[in-house]
Amino acid sequence: MKPASFDFVAARDMAEALAALREGGDAARVIAGGQSLVPMLNMRLATPATLVDISRIEELRRIESANGAVTIGAAVRQAELAAWPDLAVTLPLIHAALPWVGHMQTRSRGTVCGSVAHADPSAELPLCLLVLGGTVILRRHRRTREVPAEEFFLGMMSTDVAPGEMIAALSLPQARPGEGHAFAEVARRHGDFAIVSCAAKAGADGAVTLGVGGVADTPRLLELAADAAADPATRDDQLNEFAWSLGARDDLHATARYRRELVRRLGRKTIEEALSCRA
Amino acid sequence: MPRLSATETARVQFRLNGRDTTAEAHPRMLLSDVLRHDVGATGTHVGCEHGVCGACTVLIDGVPARACLTLAVQAEGCDLRTVEGLADAGDGALSPLQAAFREHFALQCGFCTAGILMSLDALFAADPDADEAAIRDTLSGHLCRCTGYTPIVRAALAARDRIKGGTTDA
Ligand SMILES: Cc1cc2nc3c(=O)[nH]c(=O)nc-3n(C[C@@H](O)[C@H](O)[C@H](O)COP(=O)(O)OP(=O)(O)OC[C@H]3O[C@@H](n4cnc5c(N)ncnc54)[C@H](O)[C@@H]3O)c2cc1C
Ligand code: FES
Ligand code: FES
């Protein structure tokens, strides 16, 4: 299948990209790596009038760390972030999750911000963004706003990005001393979308944030106080209640019951791992 | 000029297997189609156009990527390599990777082969010591309906050793 026709703007800088998005309004769309958008164009699930290619905008190709946060520009590819030498130390959760994002043949072009913009409920990077408490930096003509991850994902493939607006970057808090992180996922085949994925962050005080992807319409969080995380019975009770609260459904890939069981088991595993690898 | 009209073809220039190449493409045209239909490089195969099967994998600026998920106009200024570039341009001798695939029966219909060769070529260029786990991880981005992967892994290991100067027998 082939895409329907569209105008194509190869934006050289932010001013060009934002002007084209403003002009195009609802009918314009950003293309970054194309790894989710082009399949949708090929199947004509998306028929934009204008595509604005942001992948060559130099100022969006940067990874910067300052003031305890890492900023990842919208043109940074997943493979480029994976190769960033500081990744394992500053963003250990992303370091653990990235190998699960598609295949190296898609990470070579797919961007980090594009995955967040696409907001597939099974995608690993939106889940990590949420668990880390990161921020999405949005830009439109003459306006910038920052949206916390908890407010950004509105539903299945639906986000707070407005027409004419684009993600300029993500800001992720750096791992602090004493924190621990863990990621685990079950998929049919490595590189396929997750049936269930879990990401956990343990604070130096022993409190744990657990995120689960692949079950509800958006990634979802369970907060465990330090004493609850440390006590296996309380932890398992809370995990069980959380598993039921996600509204799992049967589909082609797995039953709701299997998904709940994965939430309980992978949840336990990532919580324990995150607690035990605290530096 | 950064804005290309939907109804007009644009001139796209790139290097293909070391040669400067020009193609005319509408923005909606996929790189896989332009390579096959306009440039005549039909070695790159098209299976799914979803990014799933890997048959269309080519090297874009040295890294494997799906040609079916890349718009031809996005290839402007890029360095592309396709399966046509693997064999010796002078005498047509197969590359060590291609030869190993033939010796180890790593292809039957050959539909998936071009993409797999490009991914493995990039893998060994980046890591001449890539182990079986790395090879299998790379192959996870490709679907083969004929061979069951075992001969492909065997061929890849043999090619790796041959490229490093070892023996060809696995
Ligand atoms: C075979 C295959 C397997 C995959 N497996 C996984 C997987 O296991 N896990 C996973 O998470 N993903 C997976 N993916 C998808 C992943 O590869 C994509 O890279 C990612 O979802 C989208 O990033 P992109 O840069 O390619 O965005 P694009 O495809 O260019 O865009 C995707 C969407 O986001 C919008 N968009 C992109 N950038 C911006 C921006 N800066 N501002 C506003 N909107 C923007 C686009 O308009 C579009 O709607 C897979 C893809 C393939 C082909
Ligand atoms: S044709 Fe491109 S991945 Fe299948
Ligand atoms: S050899 Fe036929 S699909 Fe792989």
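In this predicted model, A:Arg29 has A:Leu51 of β3(A) as its bridge partner. The two strands concerned, β2(A) and β3(A), the latter spanning residues 50-53, run parallel and are joined over four bridges. They belong to an open sheet of four strands with mixed pairing, ordered β2(A)-β3(A)-β1(A)-β1(B).

The UniProt record, an unreviewed entry, places the feature "domain: FAD-binding PCMH-type" at residues 1-177 of chain A. Over that stretch the chain is 32% helix and 26% strand, with its end C-alpha atoms 51 Å apart.

The contact between the chains draws 36 residues from chain A and 33 residues from chain B. About 2900 Å² is buried between them, and carbon and sulfur atoms give 50% of this area. On the side of chain A, the residues that lose the most area to chain B are A:Phe8, A:Gln105 and A:Arg109, together accounting for 22% of what that side buries.

Polar interactions also cross this interface: there are 18 residue pairs in polar contact, counted with both residues at pLDDT 80 or more, and four salt bridges. B:Arg3 forms a salt bridge with A:Asp7, whose closest N and O atoms are 3.6 Å apart. Elements of chain A that each supply at least two residues touching chain B include β1, α1, α2 (37-42), β3 and α6 (104-107).

Technical notes
Residues numbered from 1 in each chain as written. Chains lettered and ligands numbered in written order. Predicted model: local features only at pLDDT ≥ 70, side-chain atom pairs only at ≥ 80, totals over all residues. Heavy atoms only, no water. Pairing = 2+ DSSP bridges. UniProt positions renumbered as here; feature names shortened; annotations may be inferred. Contact = heavy atoms within 4.5 Å. Buried area = accessible area lost by both parts, 1.4 Å probe. Salt bridge = Lys/Arg side-chain N within 4 Å of Asp/Glu carboxyl O. Polar contact = N/O pair within 3.5 Å; in protein donor to acceptor, adjacent residues only side chain to side chain.
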